[in-house]
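Q: I would like to learn how to read the features of a model such as this one. Could we take them in turn, with the general idea before each case?

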Amino acid sequence: MNKFLSRLLVFFIGIPIVIGIVILPYFNHLPLHLFFILVSFFASNELYDIFKVNSKLPPKTLVVSLSVLVTTIAAVYSVLPEVLEIKIPYGQEIITFSYIISLFIVMAYEAIFAKEFETSNSKLAASAFIITYSRFLLTFASRLTLFRLNGQSITTPLFCVFALLVFFCDSIAWLFGMLFGKNNRGILKASPNKSLMGFFGGFVGSTFIAVSATYVWPDIFSGKIWKAVVLGISIALSSIVGDLVESVFKRCSGIKDSGKVVPGRGGMLDSIDSVLMSAPIYYLLISIMYGPF
């Protein structure tokens with residue numbers, strides 16, 4: 001029942017709020033970028049707390065600040081040209097550059113300030129992963145605001161389709177699991193309640209949304225139907241893996257939820273685990289199969 005209520009909350013409250021933020025076009029979707037910065041802050045905090053159970057880490061302020069830095073650079077790159085009516089003389093590489101600089105700072109901090117080095121390897125690996133996972137992957141969602149078709153922004157339809165791909169994967173997987181998964185659960189130890197039929201339902205849900213998008217926005221999702229099928233299957237797979245990987249993090253640290261930020265859902269990571277893994281896949285597939293935009 002709690003699972004059912006949480007999904008109702010997501011459908012009737014969470015999804016409308018996200019779509020409401022997405023459709024605000026001001027300064028190339030400034031509200032959306034501010035939302036990403038907030039998400040990055042909570043996600044990096046939660047992942048830090050999960051990893052510190054089993055690992056020594058650099059100071060939390062350093063790691064979280066660097067995660068938010070990457071988020072902020074992505075936002076500035078997208079928003080500043082609209083605010084100042086200028087063109088930044090750099091490509092999207094500046095976002096990647098900020099990510100590399102963040103990793104460099106973490107490594108330099110350990111090399112300069114560490115007093116003993118028995119745990120340095122794990123500290124560096126964990127810190128780099130927190131910055132990568134909780135933020136850099138999400139920059140690919142930020143970059144969707146840069147896409148244009150015939151000079152017009154197509155951010156809103158791209159984000160709506162992305163949100164629905166992930167949501168339908170999760171929700172139809174849950175529905176199929178409830179209806180048909182009783183005898184095929186426990187196939188993966190990372191999440192024993194997940195069923196084979198649930199996974200199948202996830203692929204059905206995402207593929208349905210991807211194919212539907214070709215009829216709703218044919219100018220954007222153009223071409224053969226196989227491209228939509230590839231998109232749907234790919235996002236379903238990345239969403240499922242994202243959900244399972246976050247379960248691995250929590251099981252390793254012996255915790256149930258990553259936090260308490262989202263009522264009925266747990267932490268921020270519990271709500272965006274599928275999004276984090278799917279954002280770069282979606283961005284790259286859109287660029288490859290439907291671009292250039």
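Q: In which helix is the place of asparagine 28?
A: Helices here are DSSP runs of H or I with at least four residues, strands are runs of E with at least two, and both are numbered from the N terminus; asparagine 28 has its place in helix α2. This is a predicted model, in which local features need pLDDT of at least 70 and side-chain atom pairs count only at pLDDT 80 or more, while totals for chains, interfaces and linings use all residues. Residues are numbered from 1 along each chain as its sequence is written, and side-chain values use heavy atoms, with hydrogens and water left out.

Q: What is the phi of asparagine 28, and is asparagine 28 buried or exposed?
A: Its phi is near 55°, a positive value in a residue other than glycine. Buried means under 20% relative accessible area, exposed means over 50%, and partly exposed lies in between (1.4 Å probe, protein chains only); asparagine 28, with a relative accessible area of 6%, is therefore buried. Histidine 29, also placed in helix α2, has a positive phi of about 65° although it is not a glycine, and histidine 29 counts as buried because its relative accessibility is 4%.

Q: How is the span of α3 to be read?
A: The expected span of a helix is 1.5 Å times one less than its number of residues. With 25 residues, α3 reaches 34 Å from its first C-alpha to its last, which is close to the expected 36 Å.

Q: Where in α3 does a kink lie?
A: A bend at a residue is the angle between axes fitted to the seven residues ending there and the seven starting there. In α3 a kink of about 35° lies at serine 78, shortly before proline 81. Helix α10 (residues 268–290), for its part, bends by about 40° at serine 278, with proline 280 following within four residues.

Q: Which residues does aspartate 243 touch?
A: Contact means heavy atoms within 4.5 Å, and, not counting residues up to four places away in sequence, aspartate 243 touches Lys194, Asp273 and Ser274. Aspartate 243 lies in helix α9 (residues 225–253), and because its relative accessible area is 18%, aspartate 243 is buried.
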